[in-house]
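Keep the sequence at hand as you read.

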Amino acid sequence: MHRDFRRCAQIAALFLANIVLILAITAAPAHAATYSYGSSGATVRTIQEKLSGWGYYSGAVDGIYGSRTRDAVMAFQRKNGLAVDGIAGPATLRAIGISGGSSGGSASRDENSYLLARIISAEARGEPYEGQVAVGAVVMNRVRHPSFPNTIAGVVYQSGAFTAVTDGQFDQPIADSAYRAAADALNGWDPSGGAIYYYNPAKTSNAWIRTREVIKTIGSHIFAK
């Protein structure tokens, strides 16, 4: 009887150990998706489409992560202050505007908020809070406007759209107020009055921007359409 009891105890212990192992495996967090040379699929296609639209990629949009895609990712990383390794990991995907765990390539609200805060901080650091929200609102207005890309990442990284992306300000730490301003802009506050352009008249030498219809001035920026 003692032998049978020990045998039952051993079986029960083995059963519990297997249950614990299964629970540990299922509870383990999934690794963030990364894409590199040799990868393929819908997300790779989205990477190619976005980088092509911004002028980094000139190959076929075929969903295959080859040498041209790798080189385009490296160029994007170099331009945006990321680790230049040719691998589309979480940080690079977030900068492009792609959710790391999504196969469809759409950015989450958190990712959009981060990118919007980043451009607000770079373009309007030191401006009145209303002016910071207004800069975010301009980005959102462009997303909805047929003449501009239809994503926040597309608007922010559109070639020549924002001087802060090219002069290094975009890579500076994000001001706390910019996060709040991004949230307000995402939630629909538009102090700009529907503007799709803004400029600092004391700094711009662009004659064309001065021809746009002025809506209002907030701080150092003139907002126009």
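The paragraphs below take the sheet, then the helix across it, then the pocket.

This is a predicted model: local features need pLDDT of at least 70, side-chain atom pairs count only at pLDDT 80 or more, and totals for chains, interfaces and linings use all residues. Residues are numbered from 1 along each chain as its sequence is written, and side-chain values use heavy atoms, with hydrogens and water left out.

Start with the sheet. Three strands form an open sheet in the order β1-β3-β2, with antiparallel pairing. Strands here are DSSP runs of E with at least two residues, helices are runs of H or I with at least four, and both are numbered from the N terminus. Two strands pair if DSSP finds at least two bridges between them. Neighbouring strands are turned by 25 degrees against each other on average, direction ignored. Axes are lines fitted to C-alpha atoms, for helices over the stretch in contact, and angles run from 0 to 180 degrees between N-to-C directions.

Now look at the pairings. β1 joins β3 (residues 221-224) through 3 bridges. Y198 has F223 as its bridge partner in β3, and Y197 stands opposite A224. On the other pairing, β2 and β3 share 4 bridges. There, I218 stands opposite H221. β2 and β3 form a hairpin with 2 residues between them. In the turn, G219 has a positive phi of about 60 degrees.

Turn to the side chains of β3. Helix α6 (residues 129-144) lies across β1, β2 and β3. α6 runs at about 30 degrees to β3.

Finally, the largest pocket. A pocket is an open set of points on a 1 Å grid over the protein atoms alone, where a 1.4 Å probe fits, with protein on both sides within 12 Å along at least five of seven lines. Lining residues have an atom within 4 Å of a point. The lining has 27 residues, and E123, T163, Y198, Y199 and N200 lie nearest the centre. α5 (109-124), α8 (163-167) and β1 (197-199) each supply at least two lining residues.

Notes
Contact means heavy atoms within 4.5 Å.
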